Amino acid sequence: MGIFSVEIFEEIEKLEPDLRKALIKILRVIEKNLGEVVKREDFIQLYNVVNKIGEKITELTEAQKHTERTVNELVEAQKRTEQRINDLAEAHKRSEERITRLEQAVAELTEAHKRSEERITRLEKAIAELTEAQKQTEQRVNELAEAQKKTEEEVRKLAIGLGNLRGEVGGLSRTISYAFENEAYRKLPEYLFKKHHIEITEKFIRTEINQEEINFFAKGRKNGKELYIVGEAKLRLEENKRDFERVFKELERKVKAIKSEYGEVEIVKMIVTHFAKKTAIKLAEERGIIIVQSFEF
């Protein structure tokens, strides 16, 4: 123990480790310098001093720890601040990017608006041209309407003239037909007797039987047997089979009218014409119809 008593060391053991180590170093220095046993009272006084120093050191240590905690907190706060600054910088960067995109969109909208205005200008020009064209069209329509009125008047006059012409042509046709039939009335008896051995016993007439107009009607005799001759007058008989069938049906109606009037008598069917095509003659022969052409009289 040196100059220090056991009680001193017992008191030293009660101290904090760091303070204990410091106090032992101080006592060793004292022991080295004094070379004698330290009294208890002196030690107690020294102990109190050292204890106060230890308390101060403890306070300083605690303050240091508090300072370190504060520094750590400041460091952490600094980190958070830096993180916040980084976040703000990133947000600012994103804002700038959005602003850039917005500016680009605005520029595109401006360009699109410019194109729209150009299209609207062209459309307004086209509408103006169409309006002018419409005016010209309406004027043209009015002119055409006026011309149509004149045309309708001309057509009306032409229709009247055509009607008159048809009347005249119809009258002329009937005149020619009647003249042709009148000639045939005189020539047919001789022709039928020479060509077909038919003797006319009652002259040819134009008549109406059961509401059917008959161009040629006469009584006759062949081989001692009485018969009736029924004929139609046609200016021409063409090769058109449909037209011939129509003529044949007309003739058949007239045959039926005679039979309804005179009973089931023998009837000779005849067509008198200026000219008949070979096909028409053949069709007539197949149906038992005599074809008489005017040049044969």
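**Calls and cut-offs in a predicted model**

Me: What makes the charged end of R287 count as sitting over the ring of F248?

Reply: The charged end of R287 is 5.2 Å from the centre of the F248 ring. The rule asks for NZ of Lys or CZ of Arg within 6 Å of the ring centre and within 35 degrees of the ring normal, so 5.2 Å meets the distance limit. Residues are numbered from 1 along each chain as its sequence is written, and side-chain values use heavy atoms, without hydrogens and water.

Me: How do you know that E245 and R287 form a salt bridge?

Reply: Their closest N and O atoms are 2.6 Å apart. A salt bridge needs a side-chain nitrogen of Lys or Arg within 4 Å of a carboxyl oxygen of Asp or Glu, so the pair qualifies. E245 is in helix α4, whereas R287 is in the loop between α5 (278-286) and β5 (289-293), so the bridge ties together parts 42 residues apart in sequence. Helices (H or I, at least four residues) and strands (E, at least two) are DSSP runs, numbered from the N terminus.

Me: Why is R287 called partly exposed?

Reply: Its relative accessible area is 24%. Buried means under 20% and exposed over 50%, with partly exposed in between (1.4 Å probe, protein chains only), so 24% falls in the middle class.

Me: What makes the approach of K269 to E252 a polar contact?

Reply: The two side chains come to 3.0 Å. A polar contact is a pair of N or O atoms within 3.5 Å; within protein, one must be able to donate a hydrogen and the other to accept it, and residues adjacent in sequence count only if both atoms are side-chain atoms. The value of 3.0 Å is therefore inside the limit. A polar atom of the K269 side chain also lies 3.4 Å from the backbone oxygen of R287. Leaving out residues up to four places away in sequence, K269 touches F248, E252 and R287, among others; contact means heavy atoms within 4.5 Å.

Me: Why is E181 called buried?

Reply: At 2% relative accessibility, E181 counts as buried. This residue of helix α3 is in contact with R206, N215, F216 and A233, with neighbours within four places in sequence left aside.

Me: How do you know that the side chains of E181 and R206 meet in a salt bridge?

Reply: The N to O distance is 2.7 Å, which is inside the cut-off for a salt bridge. E181 belongs to helix α3 and R206 to strand β1, so the pair ties together parts 25 residues apart in sequence. R206 is partly exposed, because its relative accessibility is 33%. The whole structure holds 15 salt bridges.

Me: How many aromatic pairs does the rule give?

Reply: The count is 5. Rings of Phe, Tyr and Trp (its six-membered ring) pair if their centres lie within 6.5 Å; planes under 30 degrees apart are stacked, over 60 edge-to-face and the rest tilted.

Me: Why is the pair of F204 and F216 called edge-to-face?

Reply: The centres are 6.2 Å apart and the planes stand at 85°, so the pair is edge-to-face. F204 is in strand β1 (residues 199-209) and F216 in strand β2 (residues 212-222), 12 residues apart. Both are buried.

Me: What makes F217 and Y262 a stacked pair?

Reply: The ring centres lie 6.0 Å apart, with 25° between the planes. F217 is in strand β2 and Y262 in helix α4 (residues 241-262), so the pair ties together parts 45 residues apart in sequence. F217 is buried at 7%, whereas Y262 is partly exposed at 34%.

Me: Where in the chain is confidence lowest, and where highest?

Reply: Helix α1 (residues 6-13) is lowest at a mean of 65, and β2 is highest at 95. The chain averages a pLDDT of 81, and 78% of the residues score at least 70.

Definitions and conventions:
Predicted model: local features only at pLDDT ≥ 70, side-chain atom pairs only at ≥ 80, totals over all residues. pLDDT = per-residue confidence, 0-100.
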